[in-house]
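Subject: Structure handover

Hello,

Here is the structure for you to look through. Please open it first and then read the notes below it.

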Amino acid sequence: MTTKERVKGVLELLDIHYPQNDKCYLDYGKPYELMIATILSAQCTDDRVNIVTASLFKKYPSLEAFAFADVSEMEKDVKSTGFYRNKAKNIIEASRAVLEIHNSEMPSDIDMLTKLAGVGRKTANVIRSNIFRIPSVVVDTHVKRISHKLGFTKNTDPEKIEQDLMKILPKAHWIRYNTQIIAHGRAICKAPTAKCELCFMTSFCKFYAKSN
């Protein structure tokens, strides 16, 4: 089976089982809130982030409130998400940059986004796809793990995986591939033990073929 045939089969099945699923798993109301939530999501579950941001966005109700927050206070507010010192500093610095450099408007350009503190390509692509609907491939832990199992990439570096996926996935599927794969990773292809017996994609999965 060629990679093109495998990709076509996988995407068709994803659309059947997770139809047009482009839901963002992080709760937010404003563009800067998605930036902050995604910064917090590094090495932390979306569920935990949503618990934290539920009170965080009430305590800091504006971009200005985040931009001029006390870093020690912010550390306490985000401590349960892990790596809280860096996250607190980055949230404040990124918020201030959006406020002062970008006139309170979230930039859509990938290079401008990745210049913001704590914003890597993953965070930038989350913002681009969810806020601006710009086709983007978001590589999180689910996408990294499952794309590797499917044989869509041999790389482990997220940026290289992103480039690999951009080459083989139709652009129209870039945004929903991430959210569909997250849904699949949460329900079936779990880490560390996948429920292969429940998976509908085993005929296209290189990992399954090798282990059976």
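A charge counts as sitting over a ring if NZ of Lys or CZ of Arg is within 6 Å of the ring centre and within 35 degrees of the ring normal. Lys149 meets this rule: it lies over the face of Phe207, at 4.4 Å from the ring centre.

Before the rest, some ground rules. The model is predicted, so local features need pLDDT of at least 70 and side-chain atom pairs count only at pLDDT 80 or more, while totals for chains, interfaces and linings use all residues. Residues are numbered from 1 along each chain as its sequence is written, and side-chain values use heavy atoms, with hydrogens and water left out.

Helix packing

Helices are DSSP runs of H or I with at least four residues, strands are runs of E with at least two, and both are numbered from the N terminus. Two packed helices are described by the angle between their axes and the distance between the axes. Axes here are lines fitted to C-alpha atoms, for helices over the stretch in contact, and angles run from 0 to 180 degrees between N-to-C directions. How do α9 and α11 cross, and at roughly what angle? The axes of α9 (residues 141–150) and α11 (residues 174–187) come within 9 Å and cross at roughly 85 degrees. The two helices are therefore roughly perpendicular (65 to 115 degrees; under 35 is roughly parallel, over 145 roughly antiparallel, the rest oblique).

Contact means heavy atoms within 4.5 Å. On the α9 side, the residues in contact are His142, Val143, Arg145, Ile146, Ser147 and Leu150. They meet Tyr177, Asn178, Ile181, Ile182, His184, Gly185 and Arg186 in α11. By class, this contact has six nonpolar, five polar and two charged residues (nonpolar: Ala, Val, Leu, Ile, Met, Phe, Trp, Tyr, Cys and Pro; charged: Asp, Glu, Lys and Arg; polar: the others, Gly among them).

Aromatic pairs

Rings of Phe, Tyr and Trp (its six-membered ring) pair if their centres lie within 6.5 Å; planes under 30 degrees apart are stacked, over 60 edge-to-face, and the rest tilted. By this rule there are five aromatic pairs. In one of them, the centres of Tyr18 and Phe200 are 5.9 Å apart and the planes are at 55 degrees, so the pair is tilted. Tyr18 is in the loop between α1 (3–17) and α2 (31–40) and Phe200 in the loop between α11 and α12, so the pair ties together parts that are 182 residues apart in sequence. Both Tyr18 and Phe200 are buried (under 20% relative accessible area; over 50% is exposed, in between is partly exposed; 1.4 Å probe, protein chains only).

Phe57 and Phe66 form an edge-to-face pair, with 6.2 Å between centres and 75 degrees between planes. Phe57 is buried at 13% relative accessibility, and Phe66 is buried at 0%. Ring pairs also link Tyr32, Phe57, Tyr60 and Phe66 into a cluster.

Loops

Which residues surround His102? This residue is in the loop between α6 and α7 and is buried, at 19% relative accessibility. Leaving out residues up to four places away in sequence, His102 touches Ala97, Pro107, Met112 and Leu116. Asn103 is found in the loop between α6 (84–100) and α7 (110–113), but Asn103 is exposed, at 61%. Its phi is near 55 degrees, a positive value in a residue other than glycine.

The peptide bond from Ala191 to Pro192 is cis, with omega near 5 degrees. Pro192 is in the loop between α11 and α12 (206–211).

Regards
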